[in-house]
Amino acid sequence: MSILVNKDTKVIVQGFTGKEGSFHAEQCIAYGTKIVGGVTPNKGGQEHLGLPVFNTVKDAVETTGATVSMIFVPPAFVADAVMEAAAAGITLAVVITEGAPVRDMQAAKAFAVKHGMMTIGPNCPGIITAEECKIGIMPGSIFKKGHVGLISKSGTLTYEGANQVCREGFGITTAVGIGGDPIIGLSYKQLLKMFQEDEDTHAIVMIGEIGGDLEIQAAHYIKENITKPVVAFIAGQTAPAGKRMGHAGAIISGSAGTAKEKMDALEAAGVRVVVSPAEIGKAIKEVLSK
Amino acid sequence: MNIHEYQAKQIFAKYGVPTPRGIIANTPEQAVANAHELGGEVWVVKAQIHAGGRGLGGGVKLARSIDEVKKLASEILGMTLVTHQTGPEGKLVQKVYIEEGANIVDELYLGVVLDRAKEMPVIMASTEGGMDIETVAHNTPEKIIKIAVDPSIGFQGFHGRELVFGLGITDPQEQNKLIKFAKALYTLYIENDAEMIEINPLIKTGSGDFMALDGKMGFDDSALGRHPDIEAMRDISEEDADEREASQYGLSYISLDGEIGCMVNGAGLAMGTMDTINYMGGTPANFLDVGGKANAETVAKGFEIILKNPKVKAIFVNIFGGIVRCDRIANGILEATKLVDVHVPVIVRLDGTNAIEAAEILRNANIPNVIAATDLADGAAKAVAAAKGE
């Protein structure tokens, strides 16, 4: 079991024939992901990586039966691509692109929600169900099959966390990089619920960072609804206020969005909070050995 | 990206948001000429820097004569203004805005920001104008009105009514003026991809008009590509020179106060590395994300920028190699140490794809001040020890 995607998930790639899209689609195929085609306007009818190219998402969905789209288009076209996927009946869009304008994402997300499409990202490494399906840019080899679900705003901290969990001998069910932008698709809350309901997931790692209040919302949700052990790390305890720390959304505004307030809220919700990402693996071992 | 008050007011004027008349000056002579052109008997001389709290810091002064305009402009131009937002080093004032005096009978607060939880812009207003809004929000949260506006419907009549009744404005003419004001502000927020607008104070004049006495605006960096007119307002002198240089090489750099330089791939891991150093008793000297393409050139540039800071006693290179293989990064680091004279211990932790080969490369190279680490905790511990001279 896993959440959202598995070995049977049919995936298309928007921005399929571009440099990034091609490179990562190839890596995903090598991992075992069922990529069934891609979309690049004006290249419909051609073949790329041995797969059909379509002019529109609608054509791709009708012909291939794909339900998930991995999006690699340039930032200015992200909103258009997300809305096209939603209108064509895609149920999950995974947006890798960094640098999409906030106003665009606001509109695209509202449209996606209206059409019942879930979105992961933007500005994220994607989603991976270990040893079954990788939709994104993460190094597949570090994700061994196991029983820990992982949710993270940061790409490299996803790898760091998953690597430690696997080295401790536990492995991953599904890992989701939700992205570091001010407005993102799926957030901790929805994914925590999915992991709670997934029988194969025995514990959850949640990695957050400064900025916004998604981690606080998650803490409230965990307190009421999550019975599985949760280990959390919040990046940016040493970050200065008012500075954007790499990610568009990673900024302490005034006195809001600090690591401390998030760590306190999570601790109050019974979460095992670690102060360094180097402790994630050990903490998982502890909570699962209880 | 942020802009100056005088630039924000240029945008306000374009959208019909009333402001006092004013003209920007680079010299005391220009300031005098501007005061003459504006006429009247009272002027305000306002330092233009990208930080709030200018008044308390002595950067905003009232002049009651042309001579006083000249005197104040001479004092303020070239001063290093320290406010609660500039940090102790302060900011050099290079421009002053000369503005006509206003007849103030009441001071309000009005702003527009993105509410990340609601995922839409929210109009914030308060009767407590002229105060630090963070303080108002903390001490008397009931005095702040928040009105979320869904961009798919835009600013409607009911938003305006919520605003004026919330602020206790009862005169129908005043109500209409303020609603028009807020609607224009919302429109310019959306049309310019602003991230935040703050007018503090928004004043009511003796004649019952509303005016933006101050104006602060920040923009979504990701959207600047479609706003060349806003991009043209960028003031490079307001930005940190090292941060700017780093960004030209695709590096995201922010300087901090500590002793251990950090070079990391990925923003989250970069913050996590700083946190780990701190946890182990050290102090991070900077945030530096080299991005997904750490190679010899970017690593060399990273070393160069980190080493500009004389406080740095050790550097911790923490890379989790994903698609980019660690062995290639190891070679990049070796090349970089040839390009830049790295005179402090460099602790290198390479994990992920081909980490074992990478460790081998570093070992064989046998560079005296390059120390290999096995994981994040080990690397941070070694960096902290090295910075302490152990």
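Between which two strands of chain A is the loop that holds A:Pro122? The first legend gives the answer.

The model is predicted; local features need pLDDT of at least 70, side-chain atom pairs count only at pLDDT 80 or more, and totals for chains, interfaces and linings use all residues. Residues are numbered from 1 along each chain as its sequence is written, chains are lettered from A in the order in which they are written, and side-chain values use heavy atoms, with hydrogens and water left out.

**View 1. The β7–β8 loop of chain A, with A:Pro122 and A:Asn123**. A:Pro122 lies in the loop between β7 (118-120) and β8 (126-129). Strands (E, at least two residues) and helices (H or I, at least four) are DSSP runs, numbered from the N terminus. The peptide bond between A:Gly121 and A:Pro122 is cis, with omega about 5°. A:Asn123, in the loop between β7 and β8, is not a glycine but has a positive phi, near 60°. A:Asn123 counts as buried because its relative accessibility is 10%; buried means under 20% relative accessible area, exposed over 50%, and partly exposed in between (1.4 Å probe, protein chains only).

**View 2. Surroundings of A:Phe143**. This residue is found in the loop between β9 (133-136) and β10 (145-152) of chain A. A:Phe143 is classed as buried because its relative accessible area is 1%. Leaving aside residues up to four places away in sequence, A:Phe143 touches residues including A:Tyr31, A:Ile128, A:Met138, A:Tyr159, A:Cys166 and A:Ile172; contact means heavy atoms within 4.5 Å.

**View 3. Strand β11 of chain B, with B:Ile199 and B:Pro201**. B:Ile199 lies in β11 (residues 194-205). With 0% relative accessibility, B:Ile199 is buried. Among the residues that B:Ile199 touches, not counting those up to four places away in sequence, are B:Phe12, B:Leu108, B:Tyr109, B:Phe181 and B:Leu213.

**View 4. B:Asp193 and its salt bridge to A:Arg103**. B:Asp193 is placed in the loop between α6 (172-191) and β11 of chain B. Phi of B:Asp193 is positive, about 50°, although the residue is not a glycine. B:Asp193 is buried, as its relative accessible area is 3%. The side chain of B:Asp193 meets that of A:Arg103 in a salt bridge of 2.8 Å, N to O; a salt bridge is a side-chain nitrogen of Lys or Arg within 4 Å of a carboxyl oxygen of Asp or Glu. The count between chain B and chain A is 7 salt bridges.

**View 5. B:Asp220 and its contacts in both chains**. B:Asp220 is found in the loop between β13 (216-219) and α7 (228-231) of chain B. B:Asp220 is buried but has no salt bridge, and the nearest side chain of opposite charge, B:Arg226, is 6.1 Å away; Lys and Arg count as positive and Asp and Glu as negative, while His and the chain ends are not counted. In chain A, B:Asp220 touches A:Pro101, A:Val102 and A:Arg103. In chain B, not counting residues up to four places away in sequence, B:Asp220 touches B:Asp193, B:Ala194 and B:Glu195.
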